[in-house]
Amino acid sequence: MDFGEKQKALVMQSWELIQPNLGYLSVRFFTEILDNIPEARDMFYFLKDKKDSHHNNHKMKTHALVLLKLTCNSVVRLQDKGDIALPEDALKKLGSIHLAKNVKDSHFEVMREALLRIVHEGVGDQWSDDLGKAWELGYDKLADAIKMKMKE
């Protein structure tokens with residue numbers, strides 16, 4: 001399935017619904033990732049060797065917001081031809097960071113599932129299977145672009 005005008009419209013409309021609660025949803029998003037990939041804590045300098053809960057970590061909250069915004073904005077801005085609308089140097093940097101942190105395919109899958117749950121939560125009763133598929137397709141395009149840069 002291609003990321004067409006219908007998918008783009010669904011993602012853009014849902015993004016508008018999500019934005020007012022972005023701070024809360026970003027922490028939920030990042031927390032879901034950490035809860036499902038406990039070893040991921042060691043990938044983030046601000047979580048290493050911390051005895052306190054990551055829920056109270058200001059740097060984690062800031063990173064979570066950046067991560068969710070980057071992910072969502074990348075999906076929202078998919079170009080008509082279906083390519084990720086990130087500059088080449090940004091994709092290279094993301095690829096090198098993910099490679100250095102030893103991110104695995106299974107981590108991308110966990111992130112996709114967390115994103116879909118957060119979008120679902122953010123849009124509430126506006127959720128539909130078509131909306132979920134649009135976000136999934138958009139996320140997969142971003143993940144594939146990062147994975148490609150990890151191999152280069």
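**Close-up views of a predicted model**

**View 1. Ser26 lies in helix 2.** The model is predicted. Helix 2 covers residues 22-36. Ser26 has a relative accessibility of 0%, so Ser26 counts as buried. The cut-off for buried is under 20% relative accessible area. Leaving aside residues up to four places away in sequence, Ser26 touches Ala64, Leu65 and Leu68.

**View 2. Phe30 and Phe44 form an aromatic pair.** A search of the whole structure finds one such pair. The ring centres of Phe30 and Phe44 are 5.1 Å apart. Their planes meet at 70°, so the geometry is edge-to-face. Planes over 60 degrees apart fall in that class. Phe30 belongs to helix 2. Phe44 sits in the loop between helix 2 and helix 3. The two residues are 14 residues apart, and the pair links distant parts of the chain. Both Phe30 and Phe44 are buried.

**View 3. Helix 3 packs against helix 5.** Helix 3 runs over residues 58-76, and helix 5 over residues 105-123. Two packed helices are described by the angle between their axes and the distance between the axes. Here the angle is about 85°, and the axes are 12 Å apart. Helix 3 is therefore roughly perpendicular to helix 5. The range for that label is 65 to 115 degrees.

**View 4. Asn102 has a positive phi.** The value is near 60°, in a residue other than glycine. Asn102 is found in the loop between helix 4 and helix 5. Helix 4 covers 88-100. With a relative accessible area of 48%, Asn102 is partly exposed. Exposed would require over 50%.

**View 5. Confidence is lowest in helix 3 and highest in helix 5.** Helix 3 has a mean pLDDT of 82. Helix 5 reaches 95. The protein averages 86. Of its residues, 91% score at least 70. Where pLDDT is low, the predicted coordinates should not be read in detail.

Note on methods:
Residues numbered from 1 in each chain as written. Predicted model: local features only at pLDDT ≥ 70, side-chain atom pairs only at ≥ 80, totals over all residues. Heavy atoms only, no water. Axes fitted to C-alpha atoms, helices over the stretch in contact; angles between N-to-C directions. Helix = DSSP H or I, 4+ residues; strand = E, 2+ residues; numbered from the N terminus. Parallel < 35°, antiparallel > 145°, perpendicular 65-115°, else oblique. Phe/Tyr/Trp six-rings, centres within 6.5 Å; stacked < 30°, edge-to-face > 60°. Buried < 20%, exposed > 50% of the residue type's maximum accessible area, 1.4 Å probe, protein only. Contact = heavy atoms within 4.5 Å. pLDDT = per-residue confidence, 0-100.
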